[in-house]
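This report is written for someone meeting the structure for the first time. It goes through the ligand shell, the domains, the core and a few single residues in turn.

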Amino acid sequence: MNRDKFKGIEVFKNKVWLSSPTMHGEEMTYMKEAFDTNWMSTVGANINEVEKYAADYVGCKYAVALSAGTAALHLAVKLAGERLYGRAKPDEGTLRGHKVFCSDMTFDATVNPVAYEDGEAVFIDTERDTWNMDPKALRKAFEIYSDVKLVVIAHLYGTPGKIDEIRAVCDEYGAVIVEDAAESLGSTYLDKETGKMRQTGTFGDYAAISFNGNKIITGSSGGMFLTDSREDADKVRKWSTQSREAANWYQHEEIGYNYRMSNVIAGVIRGQFPHLDEHIAAKKAIYERYRSGLSDLPVKMNPFDEEKSEPNFWLSCLIIDKDAVEPMVRGEKEELYKDVAGKSCPAEILEAIATFKAEGRPIWKPMHCQPIYRNNAFITEKGDGRARTNAYIDEGNILDVGVDIFNRGLCLPSDNKMTAAEQDVIIEIIHRCFY
Ligand SMILES: Cc1ncc(COP(=O)(O)O)c(C=O)c1O
């Protein structure tokens, strides 16, 4: 890093985080209540309350409190697998022998449950308007693999994807949707039928949210399965508590999991829920400050559909214009860039802000590039996204939107507790990167 460019800027006294827990006090009251009443278990008033709170807030009939968003996604995927292909043997997953279309630019917890259930993920490229699953690429995927019946989508960084278009394609091909709303609790999207905004987490046939420590509200960990189906909610409750049958002894007819939320964790979430809207407002203010503070640079903020959606602005991100990116190469675990005047790159910006004790992060690396999923199919707007080059024919640029965003984008410090003054310093550091 060229330190001369950053002369006069002082290192933050306290680290500025990407997105850390913001506590208010009520959390302690409810945790203590669990302790004082000895409901230090996976049953108790806090669990009942947060399930009611979540269902009311999101606008669904049932919410089942689980140990993590990943657990909620796993059981959502398993329910979908059973509905589509029947109950599996105890040592097999419900998706064995079946492909599943999945968001590509997301955290791996979105897609791993497909592998837990023995399914094969087929990754669908990203679109540029919301950085989520591209409905056009999804249609291509159905044209290639017309027997696929399950689609797993995520709303990245709290920005709703084009859920109406995705739903339309899925309906055409008779596929069901697992909706990963882990990052998007509180985000809304226009419901075409009612003309009203509707919470993410209510669009899928099965949906999950997360209360992981970095999320918009947290329990330190935790997640929830959301549904309008009493039967599905009951099944998830059963599976998440080791699948006990109605007998006086431990009797099991299906595989179970230890996935239920703790009543102590639920106490934290119970104290957080009343502050969700306040957290969203703070995140939105952060996004807007970046948007105006960076408006003179060759960068854009992570986009969203201003007419159809209202994100929760969980993470603010930027993407550098193509002609303003300096040379940067990434290996499997290391990266290198060349400092060029008037340009910058994600590696330089992340290194610079880290030097001043602020935490950013690269864009989530697309799943089709991850070593574990490198041999899985990947479908773009143009069709098969693998093996597209030809040594003897110039086919022009290869379309891979996810990799392009990964190469030019980054997540900015988006912590609710970051002050406007601290954010101004981060904005200044980013400016200096382009010197
Ligand atoms: C998109 C996405 N899906 C799923 C998860 C998993 O949630 P959890 O950490 O609660 O298991 C996360 C975050 O952790 C996430 O960001």
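In what follows, a residue is called near a molecule or strand if its C-beta atom, placed from the backbone, lies within 6 Å of it. The model is a predicted one, in which local features need pLDDT of at least 70 and side-chain atom pairs count only at pLDDT 80 or more, while totals for chains, interfaces and linings use all residues. Residues are numbered from 1 along each chain as its sequence is written.

## The ligand shell

Around the ligand there are 14 residues, of which A68, G69, T70, A182 and S210 come nearest. Sorted by class, this shell has five nonpolar, seven polar and two charged residues, where Ala, Val, Leu, Ile, Met, Phe, Trp, Tyr, Cys and Pro count as nonpolar, Asp, Glu, Lys and Arg as charged, and the others, Gly among them, as polar.

The protein is divided into domain 1 (3-21 + 276-381 + 396-433) and domain 2 (26-274), with bounds that come from an automatic or database domain assignment. Taken over C-alpha atoms, the centres of domain 1 and domain 2 are separated by 27 Å. Their contact takes 37 residues from domain 1 and 44 residues from domain 2, two residues being in contact if their C-beta atoms, placed from the backbone, lie within 7 Å.

On the side of domain 1 that touches domain 2, at least two residues each come from helix 9 (276-293), strand 11 (309-310), strand 16 (378-380) and helix 11 (401-408); helices (H or I, at least four residues) and strands (E, at least two) are DSSP runs, numbered from the N terminus. Helix 9 gives the most to this side, with four residues.

## The largest nonpolar core

A residue is buried if 20 or more other C-beta atoms lie within 10 Å of its own, exposed if 12 or fewer, and partly exposed in between, with C-beta atoms placed from the backbone. A nonpolar core is then a set of buried Ala, Val, Leu, Ile, Met, Phe, Trp, Tyr and Cys residues joined through C-beta atoms within 7 Å.

The largest nonpolar core has 120 residues, and A76, C102, A208 and M224 touch the most other members. Helix 3 (residues 69-85) gives the most to this core, with eight residues, and the core draws at least three residues from each of domain 1 and domain 2. Leaving out residues up to four places away in sequence, A76 touches V178, Y206, A207, A208 and F225.

E82 is also found in helix 3, and its C-alpha atom is separated by 18 Å from that of T70, 12 residues apart along the chain. Not counting residues up to four places away in sequence, E82 touches R87 and T94.

In helix 7 (residues 230-240), the buried residues are D232, A233, K235, V236, W239 and S240. They cover an arc of only 160° around the axis, which puts them on the same side of helix 7; the arc is that of the directions from the helix axis to the C-beta atoms. On the other side of helix 7, R230 and E231 are exposed. The buried residues of helix 7 pack against strand 1 (62-66), helix 3, strand 8 (206-210) and strand 9 (223-227).

Helix 10 (residues 346-355) has P346, E348, I349, L350, A352 and I353 as its buried residues, and what covers them includes strand 13 (328-330), strand 14 (335-337) and helix 12 (420-433). Just after helix 10, K357 takes a positive phi of about 70°.

## Single residues compared

| Residue | C-beta atoms within 10 Å | Class |
|---|---|---|
| Y157 | 27 other C-beta atoms | buried |
| M367 | 25 other C-beta atoms | buried |
| E82 | 16 C-beta neighbours | partly exposed |
| Q242 | 15 C-beta neighbours | partly exposed |

Y157, in the loop between strand 4 (150-154) and helix 6 (163-172), has a positive phi of about 55° although it is not a glycine. Q242, in the loop between helix 7 and helix 8 (263-272), is likewise not a glycine and has a positive phi of about 70°.

M367 has its place in the loop between strand 15 and strand 16. The C-alpha atoms of M367 and F123 are separated by 7.2 Å, although these residues are 244 residues apart along the chain. Leaving aside neighbours within four places in sequence, M367 is in contact with C102, D104, T106, D108, V111, F123 and Y373.
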